[in-house]
Amino acid sequence: MKKSIILKVLVLVAVVLFFAEKYFQLNTLHGLEYQRRISQLINDDALIANQVLTFKIQKFSEYTVYLIIAYLSFKHMYQTLNKKIGWQASFPILVLISMVLGLIFSMIIKATNPYFSITPYNGQVAGSDINMFSHLFLRQTIHSFFAISLGILIRSSLQYLNNEKGKLFKVLGSGFWVLLYTVQFLLILIINIHVIVGETPSQIALMIPTSLLFAIVTFTMSYLFLEAFSVNDQLSFKNFLSKISQCIIMTSGVAAIIYFSTELNLHFGDRYLNHTIPSFLIVSAVLFVLILSESLLQFSFHSKYIRKNQALRLELGHKDSSLSNLKSQINPHFLFNSLNSLYGLALEESSPKTSTGIQKLSEMMRFMLRENVEDKIEISREFEYVENYIELQKLRVDGNEKVRLEYEIDKACEGKITPMLIIPFIENAFKHGVSAHHNSWIEIKLNCSKEAIHLNVKNSNHKKSKSTEEESGIGLENVGQRLAMLYPGKHLFQLFENEESFEANLKIELN
């Protein structure tokens, strides 16, 4: 079963358990406590019962709306921030959206529930630094922000599992992650023991299960932090503000899980404003700094192992590639003579598509045998090879109304580039983007300037099972490794994937 499917199932189970827990709470302890609070203000039993029902409907409606907000954030907000707006502007934008939603929800709640300030843990609020509606507005804004952050957190996790970024688990090895989790568990346990110093050993022992569970939360945070700050399996502090903003939003998503699970236990009014929220923010901030620092520090110590592991894998890949090149050069004259014979035969029999295909294949083989062995080649030759490959594939899909193919390739490009860095992206698009039974599409844009080469490939996603999947090229994983070695700090390598589509972005700086 795919990791992404497992994550979706876990989220669905968590949602069901959350609503089940809230239903149980509102119909037992919390519901009875609210009824006791409201009976201090209302003397009529029928009105009390009606108000308790109103409170329950309000809470379930709130949770349902927050779930919808989290879902919309999951579907749209992550991609918008990641590709259009940028993470550096994410925090103020999300705060502004949350304030608008908070204002709308506050007005609805005030209109439907005149006793909105009553909770299971407080009766009528006697006084306030700000008016009751402002308290309600603040509370709903925080709830909306947490719901949006939670959706982004889930989408980020899913994105890492689906694309190349999720390889951190494999690259770092199980030893690193076991050590990371153990260190965080011990830190949490020590903090808990320090907080409740003076308690009995048996009470301290009871904190071990809690510390183990909370360490899972911090472990998830560490993984997301390392994904944000690691580039090509090494730490990178480029675009630091953007990465910190991304980590803050994802940390807010983790905090949202804790917050919503305890929301019915929170007071309304001054105590919420002056004690609950400041305490929650302080704990979250300390936890954020502590976990971020510890994760990056341990990753830094582990970087020597990463580079050694990467160099070994590249060396093995290079040997395999060299062996493949040697095999491909066996009797090249025989292959070219055979292709020329087939080309002439196709012309004699008036088969223009066949002759064109043979001609393109011949040009591609000549490129592979003569120029692919060079360290650097002209950009125009690499682009020509890519275009020949697309034209060859176009012969296969021409006439198929279910397949849409669009591509733009610059003709006038100067400079040199390492060969075979672009073609794996194109191969991947035709490999997974074309289906004989379903509507398919591929969009390719390849252009260059004096400063850089830009490639954007989008295609429909028709993944084949591993047992039937053809091996094509050297693969995107190997391309990422080659880029890290050949163009360190001078390239951008991004993959975005969901069940319907796949997108690859590549930028290589030439100077």
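Glutamate 406 is partly exposed, at a relative accessible area of 41%. Here buried means under 20% relative accessible area, exposed over 50%, and partly exposed in between (1.4 Å probe, protein chains only). The structure is a predicted model, in which local features need pLDDT of at least 70, side-chain atom pairs count only at pLDDT 80 or more, and totals for chains, interfaces and linings use all residues. Residues are numbered from 1 along each chain as its sequence is written, and side-chain values use heavy atoms, with hydrogens and water left out.

Glutamate 406 forms a salt bridge with arginine 404, with the closest N and O atoms 3.1 Å apart. A salt bridge is a side-chain nitrogen of Lys or Arg within 4 Å of a carboxyl oxygen of Asp or Glu. Arginine 404 is also partly exposed, at 35% relative accessibility.

Elsewhere, salt bridges with shared partners join Lys59, Glu62, Arg139 and Glu263 into one network. Helices (H or I, at least four residues) and strands (E, at least two) are DSSP runs, numbered from the N terminus. Glutamate 62 is buried at 6% relative accessibility, and lysine 59 is buried at 5%.

The salt bridges number nine by this rule. One of them links lysine 8 to glutamate 499, with the closest N and O atoms at 2.8 Å. Lysine 8 belongs to helix H1 (residues 3-26) and glutamate 499 to the loop between E8 and E9, so the pair ties together parts 491 residues apart in sequence. Lysine 8 is partly exposed, with a relative accessible area of 37%. Glutamate 499 is exposed, at 55%.

The protein chain contains 14 helices and nine strands. Five of the strands form an open sheet with mixed pairing, in the order E4-E6-E7-E9-E8. Two strands pair if DSSP finds at least two bridges between them. From one strand to the next, the twist averages 5°. E4 pairs with strand E6 (residues 440-448) in the parallel sense, over seven bridges. Glutamate 406 stands opposite glutamate 443 in E6.

Helix H13 (residues 423-433) packs on this sheet and touches E4, E6, strand E7 (452-460), E8 and strand E9 (501-509). Contact means heavy atoms within 4.5 Å. The direction of H13 makes about 5° with that of E7. Axes are lines fitted to C-alpha atoms, for helices over the stretch in contact, and angles run from 0 to 180 degrees between N-to-C directions.

The largest nonpolar core has 58 residues, and Phe146, Ile152 and Trp177 have the most contacts inside it. Such a core is a set of buried Ala, Val, Leu, Ile, Met, Phe, Trp, Tyr and Cys residues joined through side-chain atoms within 4.5 Å. Another core lies apart from it, with 36 residues, including Leu421, Val434, Leu476 and Leu483.

Of the 511 residues in the protein chain, 43% are buried. Among its contacts with a separation of 6 or more, 78% involve residues 24 or more positions apart.
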